Amino acid sequence: MLRWLAALLVLLVLAAGIAYVVAGRGAPPRVTINQPTRFVGRTGSLDVTAEAPNAKFTALDIALEQNGRRVPLFALGSAQQATVAHVDPNQLRVSRPIGKQSIPELQSGNARIVVTATRPSFLNLRQLTSTASKDIQVRLEPPRIAVVSTKHYVNLGGSEMVVYRATPPDDVTSGVRVGDVEYPGFPAAGAGVTGTDRGAGAPGVSNDLRVAFFALLHDQDLRTPIVAFARDEAGNEAKTTFVDNVFPKPFKKSRIELDDKFIDRVVPEIIEHSPEMKMTAPAQGSPEMLAAFVKVNSELRKINANQIAAFAAKTSPTRLWSGPFVQLGNSQVEASFADHRTYFYKGKEVDQQTHLGFDLAVTSRVPVVAANAGTVMNANWLGIYGNCVILDHGMGVQSLYGHLSSFDVKTGDTVTRGQTIGRSGMTGLAGGDHLHFTMLVGGRMVNPVEWWDAHWIADRVERKLNESR
């Protein structure tokens, strides 16, 4: 009997030992520090995820270490300004602010985020712990920005340009912000301006000098704030106002009468070329055709605007154009920029849209030339614009040519001012043979009239560049 009890005791001890060993081989919590990435400034965000079975943790501690000091940021079960959320059944997310405003102890320099997570093992026999850390840099001094150019005047719906200095030159995002729309700045060397030596880059060259084209959009208020800004990766920002004046511009209002002949012609072809609409064209002459037109005229117009804006991200940092832009020769203006159109069908209002370009007509299928030198970004069908060419002229400036009947260029081609790029037509949402032309700044449609004007180019662009040299 004693031998049996001894054997049983040995088995129990052996089983407990095995269980303890097995428990120790369980996976510890998985910890990921998502934010901050590299920098923290006056403001910043902490984002940490911790994963364990059933999101059960014995402890979860987060701290910031700097200059021998440890600042607690989060502890499981204690009061703090953090937000804790379940990402999924096994994962917790902890987030909170960690900039200078929320942690007064922060100082400029290196720091480290340290996260320690502990969970119970199998049968709660052991505690499994893991630690993750991330080295970051605390930056509390904002960048500097100074406007160099003078005499900045903006028309509603129009464009402008500014030359400025942003420092440190290689570590900030800068440009012009108009309301909530940001227009990036580009190295002024791309426009042929080297400036003076500021101690960075090659002798005699200043790489802190920037050029930014921007716009006050047709639907923005005249009082919309316009600032030049410089922002570092820690979120610190410097900004300055610089615009001398803004001017209102009257825009036309038009009444557009729709008929079945027009709708039946344009809608099926547009839908066929626009899979992003995820719809099938109704039968010719059916009542559903009008609803399809309205959907194309409104929803597809917005989709196309986003597609066009995306080309701005691919712009060259170098100015590719010179001189005023060319208007289609001997053309009749059939519609102008920011024309507010109200559409009627059989006497009933069915839609309202704003026409953001010029409709220029000569005769059928006339040669359409590049308004200035640039690179072909698009030479394909583009929704309501039908066969459409978009040229990049560098530094965020682009031009669009819509409703073409044919192309004479392809994407990637380099074109010169006055070179034929296609022929006018009536593809897309066009009532007759014409060219839909507009200028783009930062992917946003702006009034082309200024860009056709040699005096505007001389004063708003060339003068500022020359004064900055």
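## Second largest pocket

The second largest pocket has a volume of about 200 Å³. This comes from a predicted model. The lining of this pocket is made of 13 residues. Nearest its centre lie K249, F251, N447, V449 and E450. Sorted by class, the lining of the second largest pocket holds 7 nonpolar, 3 polar and 3 charged residues.

## Largest pocket

By class, the lining of the largest pocket counts 17 nonpolar, 13 polar and 10 charged residues.

Which element gives the most to the lining of the largest pocket? That is α3, with 8 residues. The helix α3 spans 288–310. Several strands each supply at least two residues of this lining: β20 (253–258), β21 (332–335), β22 (339–345), β23 (348–355), β32 (435–441) and β33 (444–446).

Strands of a sheet pair through backbone hydrogen bonds, either parallel or antiparallel. Here 4 strands make an open sheet, ordered β1-β3-β7-β6, with antiparallel pairing. At the edges sit β1 (30–35) and β6 (83–88), each pairing on one side only. On average, neighbouring strands of this sheet are turned by 20° against each other, direction ignored.

How many bridges join β1 to β3? There are 5, and the two strands run antiparallel. Strand β3 covers residues 45–51.

Technical notes:
Residues are numbered from 1 along each chain as its sequence is written. This is a predicted model: local features need pLDDT of at least 70, side-chain atom pairs count only at pLDDT 80 or more; totals for chains, interfaces and linings use all residues. Side-chain values use heavy atoms; hydrogens and water are left out. Ala, Val, Leu, Ile, Met, Phe, Trp, Tyr, Cys and Pro count as nonpolar, Asp, Glu, Lys and Arg as charged, and the others, Gly among them, as polar. On a 1 Å grid over the protein atoms alone, a cavity is a set of points where a 1.4 Å probe fits but cannot get out, and a pocket is an open set with protein on both sides within 12 Å along at least five of seven lines; lining residues have an atom within 4 Å of a point. Grid points are joined across faces, edges and corners, and a volume is the space filled by probe spheres set on the points. Two strands pair if DSSP finds at least two bridges between them. Axes are lines fitted to C-alpha atoms, for helices over the stretch in contact, and angles run from 0 to 180 degrees between N-to-C directions.
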